[in-house]
Amino acid sequence: MKKVILGDHAVSYGALLSRVQTIAAYPITPQTLIIERLSEMTANGESNAIFTKVESEHSAMASTVGSSASGARAFTATSSQGLALMHEMLHWAAGARLPIVMANVNRAMAPGWTIWTDQNDSLSARDTGWMQIYCQNNQEVLDSIILGYKVSEQVNLPTMVILDAFFLSHTAEGVDIPDIKEVDKFLPPYKPEIKMDINDPRSFGALTSPDVYMEFRYKMQESMDKAKEVITREGKEFGKMFGRKYGLVEEYRTEDADTILVASATVASTARAVIDEMREAGQKVGLLRIRVFRPFPTEEIVRVIGGKKKVIVIDRNISFGKTGIFFDEVKGAFYNYTGNKPPMFGYIAGLGGRDVTPKVIREIMDDAIKKDKPESEILWKGVKL
Amino acid sequence: MIEILIHGRGGQGAVKASLALASAASKAGKYVQSFPEFGVERRGAPVKAFTRISDEPIVVRSKIYDPDHVIVLDPTLLHTIDITKGLKDGGWIIINTEKSPDSFTEFKKRFKVATVNATKIAVDNRLGSKVAPIVNTAILGAIIRVLDVATKKELAEGIKEFVPIKAEANVKAANEAYDLVKFSEEA
Amino acid sequence: MKHSKKEIKIKGASDMPEMSASLGSMAHNKTASWRNLKPVIDESKCIKCFICWKFCPDAAIDFTDENTPPKINYDYCKGCGICAHECPVKCIDMVEEER
Ligand code: SF4
Ligand code: SF4
């Protein structure tokens, strides 16, 4: 059924269709609409989930960890300051190997107080052991929640499905809402091998000596590596069933391109229009959208942009004292690459919700194309000096 | 792709109008996008809502700066903001006013003007109060007539979806505006 | 992964579970060997207040009913002495373990 819905509500539908069993959440703009709709769905019986109102995001994730550990398919959603507050529990969820799916609406961090989008909130959670999926439209948001459970429950790591504040969260567009019976065929009930069970008592997350701690971490990394295959396989499988295929990265007109733009989330969506416009003018440009940031698709990136003439990365985030985070990681993917390393230009744009319009992207492309090499490791687009 | 900018005041329902319009156009088989100006809405303050309608999937996800058409829900906004800012030459300006399109001579030099007394239609249908009538659904009837983006039936479904309270009265208001809107192509 | 009563030797990551969950219940982990001093209740003096039962950090004191003095489970008692310290009538003695 096709319906015009907001990005936030695409999340709610994704959770509903995944038959989540517990939802514990605390409201924060621009995530509030997600849990508002889910509380309606649980109140009117559309969903059988247990909805728990908690007093903070830290508790939201603590509660979610508890229900997931006891074998429930658990869901929560947050944004920005809320994600920061649950940071300790993010490590717990991943370390305890719980297949939780959480939606995070990308909202910039305060101060100054802000409700608008950028990626510094989720990227600050980069090293927690969560998989991170950056979505470019509402359809992908809904689909990624379902896919999130499908993948997480195979690799025992949690998934963060990320959508831009307002540019997705509060934007309505046509979304195909799949039939729940079809989703059931794709996503069977969650049956964990080990769970909290009074008939099979165990202790969880107890004191772990230096003898074995490192091995647990080794296994997390092993699972992250395996997740790359699982995400690719399930993304294809999903495509067969629902007609929409997803991978780690998405290529757009890259094949014969000599200049590649690397972007994520809604910036990557808008960039397509710019690529089309430049192609019409005869310029050989293409787009690589990084959809999955953790696990990081090193091989795919090297395959697509290795040997190209020029690479331009747009970051709607910054690692203070370094550069844009995607730029840094894309560059890092190439250090041990023996082929031709393309020069890379890293632009920072759109922080705190500043609009990244087709014009802004075009100016970035033109700027990089006319230069041999970047004058510095960090190129600020549109900052008023 | 056409890009529509709706000007209104907080509380008048500009955002709901944009959503119902998008939903109607979606039912007409179009790709759509609808979103508010991303701010903190305050009752009475000028607000904007954006609608994109296209035959192709819509990839651009920035705000609308150079609209093809603008809608003005509150005629007093004409004195406070430049509603033609960025508007493409030849674009429609659809205004809620009792005046005729011909009285907007300045606008008519570069744009096309359509008018409808959505306030009266809203009051007649008891939508909102006399002091603060809710004009968003009435004007939608004028929009789909002038821009030809959906049928009355599709609009009625869109309204029921996003304005479920007093849906029948809202649909009736939209239909009245569809009939009463004043415009001429050559304008 | 079924829990087992036998002691399990782990070589490395390949035979470890993904999550840091014990392979079985802590019921199999008898901690009595940690004990140097053993609490002994003088039942004749015990007033059945069950303060010791509440305070034992290892839940190693069993409750039967309100009229029966609590029983210490020597399979798990680690000999910390908290019960003896908390007992209001001082009827718990910490005695040297015989080895
Ligand atoms: S604390 Fe002392 S008196 Fe109270 S129940 Fe225990 S042994 Fe008996
Ligand atoms: S000595 Fe410590 S562990 Fe043993 S019964 Fe008393 S309080 Fe419990």
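Between chain B and chain A, ten residue pairs are in polar contact, with both residues at pLDDT 80 or more; a polar contact is a pair of N or O atoms within 3.5 Å, where within protein one must be able to donate a hydrogen and the other to accept it, and residues adjacent in sequence count only if both atoms are side-chain atoms. This is a predicted model, in which local features need pLDDT of at least 70 and side-chain atom pairs pLDDT 80 or more, while totals for interfaces use all residues. Residues are numbered from 1 along each chain, chains are lettered from A, and side-chain values use heavy atoms without hydrogens and water.

Now to the salt bridge (a side-chain nitrogen of Lys or Arg within 4 Å of a carboxyl oxygen of Asp or Glu). The rule finds one across this interface: B:Arg61 with A:Glu173, whose closest N and O atoms are 2.9 Å apart.

Here is the overall contact (heavy atoms within 4.5 Å) and its buried area (accessible area, 1.4 Å probe, that two parts lose on being put together, summed over both).

| Item | Value |
|---|---|
| Residues from chain B | 21 residues |
| Residues from chain A | 25 residues |
| Buried area between chain B and chain A | about 1700 Å² |
| Share from carbon and sulfur atoms | 62% of the buried area |

In chain B, B:Phe38, B:Val59 and B:Arg61 lose the most area to chain A, together 42% of what that side buries.

Strands meet here too (DSSP runs of E, at least two residues, numbered from the N terminus). Strand β8 of chain A, residues 172-176, runs antiparallel to β2(B) and is joined to it by two bridges, and DSSP must find at least two for strands to pair. A:Ala172 stands opposite B:Ser34 in β2(B).

Notes. Helices (H or I, at least four residues) and strands (E, at least two) are DSSP runs, numbered from the N terminus.
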